[in-house]
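Subject: Structure handover and notes

Hello,

My notes follow below it.

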Amino acid sequence: MDHAFVNWAEIDLDAIAFNVQAIRRQVGPGVEIMPAVKGNAYGHGAAPVSKAALQAGATRLAVHRAIEGGELRQAGIDAPVLVMGYTPPDGAPYIAQHDLTASLMTLEFAQALSAAVGAVGRTLPVHIKVDTGMSRYGLMPDEVLEFARALVKLPNLQLEGLFTHFATADSLDLTHVRRQLAVFNEVLSALHAAGIEIPLPHASNSAAIMRLPEARFKAVRPGIAFYGMPPSDDWTPTFEIHPALTLKSRVCRVRRLPVGAGVSYGRTFVTQRETVAALVPVGYGDGFHRILSNKAQVLIRGKRAPLIGRVCMDQFVVDATEIPGVELNDEVVLVGRQGSEQISAEEVARLAGTINYEVTTSLLPRVARLYLRGGKVVETTAIGE
Ligand SMILES: Cc1ncc(COP(=O)(O)O)c(C=O)c1O
């Protein structure tokens with residue numbers, strides 16, 4: 001690696017393409033793939049990952065907030081971008097200017113958007129979010145018809161989508177998801193009966209793509225599987241996916257500690273033997289959670305080394321006594337593969353008491369992102385570059 005970074009995430013764009021193609025095989029040709037690239041593409045980097053996804057056969061993108069859509073436009077992406085979350089009425093001009101697809105919930109916003117879209121001289125597609133059992137964002141099922149009737153009368157807007165989100169598609173018990181699906185179908189039927197056709201209904205996240213073929217409708221919204229991570233610890237993905245992200249660093253100090261040496265803040269670890277301590281320049285200021293103190297492991301020279309003492313903002317120490325020849329600048333893998341060993345985001349998540357989603361999404365801008373094709377770096381995004 002000819003760069004000066006002390007830590008970085010390598011994002012394998014071939015894995016992203018592989019996952020899009022795997023999802024395509026699963027859903028068949030008639031269903032649009034709209035990856036969820038919110039949260040900086042679950043920490044992978046929104047623009048490069050979105051471009052790779054579109055090249056591999058995705059046709060749309062989904063973000064949570066309007067500013068995330070604006071970032072994609074700034075990066076030159078012109079595919080349809082759905083803003084799945086709330087936009088306040090004064091955000092309507094931003095949606096119009098950036099040609100984004102808003103998720104509507106209030107008539108006030110719809111009117112503001114209709115006017116803003118008129119002002120820039122175009123029409124915009126819009127989607128309605130319906131809450132079928134997540135108790136989060138969206139209209140209640142019995143509110144949709146009246147809202148849609150009012151919406152279709154507004155100029156400059158075209159009602160394109162109706163969507164919902166499943167609360168338990170990753171659980172072993174799919175009863176609740178089936179109930180949500182039934183409610184969603186009822187809402188679609190009521191709209192149809194009223195003469196309102198929805199060209200693009202969509203519902204499925206990764207877990208539903210894998211397990212509920214009847215919920216595919218006209219588009220799917222894969223997130224976690226698109227990045228190559230399993231949606232649940234309770235069952236195995238129903239098709240092969242490849243993790244795209246590897247989190248790396250390098251050893252920045254090696255020293256021999258005597259018995260009885262306290263390591264890091266609070267001396268929560270005290271050496272019981274003479275210990276080869278290797279310092280790793282990754283901390284919670286990079287998004288590596290402090291709760292991993294005294295718990296996580298890293299890979300150096302293809303072997304596991306346990307973290308000793310507390311994770312600080314910028315660094316932590318590992319016990320490298322069992323790693324012969326460990327030296328300054330050795331590559332450290334925190335998430336991913338090195339030799340025949342692997343540390344998955346799921347393993348780190350279990351130790352941190354969270355889910356794989358949070359492990360990658362937590363990675364902060366200070367961690368450089370290196371994008372790989374055919375094993376070679378094709379793009380880098382880093383502070384100060
Ligand atoms: C509305 C919506 N759709 C799709 C997704 C993608 O879900 P997953 O990452 O489980 O595939 C999310 C993510 O939380 C979401 O909030």
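D99 is partly exposed, with a relative accessible area of 31%. (Buried means under 20% relative accessible area, exposed over 50%, partly exposed in between; the probe is 1.4 Å and only protein chains count.) D99 lies in the loop between helix 5 (92-97) and strand 5 (101-104). Helices (H or I, at least four residues) and strands (E, at least two) are DSSP runs, numbered from the N terminus. The phi of D99 is near 55°, a positive value in a residue other than glycine.

Two notes on the source. This is a predicted model, in which local features need pLDDT of at least 70 and side-chain atom pairs count only at pLDDT 80 or more, while totals for chains, interfaces and linings use all residues. Residues are numbered from 1 along each chain as its sequence is written, and side-chain values use heavy atoms, with hydrogens and water left out.

Loops and backbone

L100 sits in the loop between helix 5 and strand 5. L100 counts as buried, because its relative accessibility is 0%.

R267 lies in the loop between strand 12 (262-263) and strand 13 (269-270).

Helix 3 covers residues 46-55 and is mostly covered: seven of its ten residues are buried. These are A46, A47, P48, V49, S50, A52 and A53.

Ligand site

The space taken by the ligand is the largest pocket. On a 1 Å grid over the protein atoms alone, a pocket is an open set of points with protein on both sides within 12 Å along at least five of seven lines. A molecule sits in a pocket if more than half of its atoms lie within 2 Å of the grid points.

Which residues come nearest to the ligand? Of the 13 around it, they are Y42, S206, G223, I224 and Y357. (A residue is near if one of its heavy atoms lies within 4 Å.) The shell divides into six nonpolar, four polar and three charged residues. Here Ala, Val, Leu, Ile, Met, Phe, Trp, Tyr, Cys and Pro count as nonpolar, Asp, Glu, Lys and Arg as charged, and the others, Gly among them, as polar.

Polar contacts are pairs of N or O atoms within 3.5 Å; within protein, one must be able to donate a hydrogen and the other to accept it, and residues adjacent in sequence count only if both atoms are side-chain atoms. A ligand oxygen lies 2.5 Å from an N or O atom in the side chain of Y357. An oxygen of the ligand is 2.8 Å from a polar backbone atom of G223. For the side chain of K38, the distance from a ligand oxygen to an N or O atom is 2.9 Å. The protein covers 92% of the 400 Å² of accessible area that the ligand has on its own. Areas come from the Shrake-Rupley method with a 1.4 Å probe.

Two buried positions

N205 is in the loop between strand 8 (200-202) and helix 9 (206-211). N205 counts as buried at 16% relative accessibility. Its side chain reaches the backbone nitrogen of A208 at 3.1 Å.

L257 is in strand 11 (residues 253-257). L257 is buried, with a relative accessible area of 10%. L257 and D319 are 9.9 Å apart, C-alpha to C-alpha, and 62 residues apart in sequence.

Best regards

Definitions and conventions:
1 Å grid on protein atoms, 1.4 Å probe; cavity = no way out; pocket = protein on both sides within 12 Å on 5 of 7 lines; lining within 4 Å.
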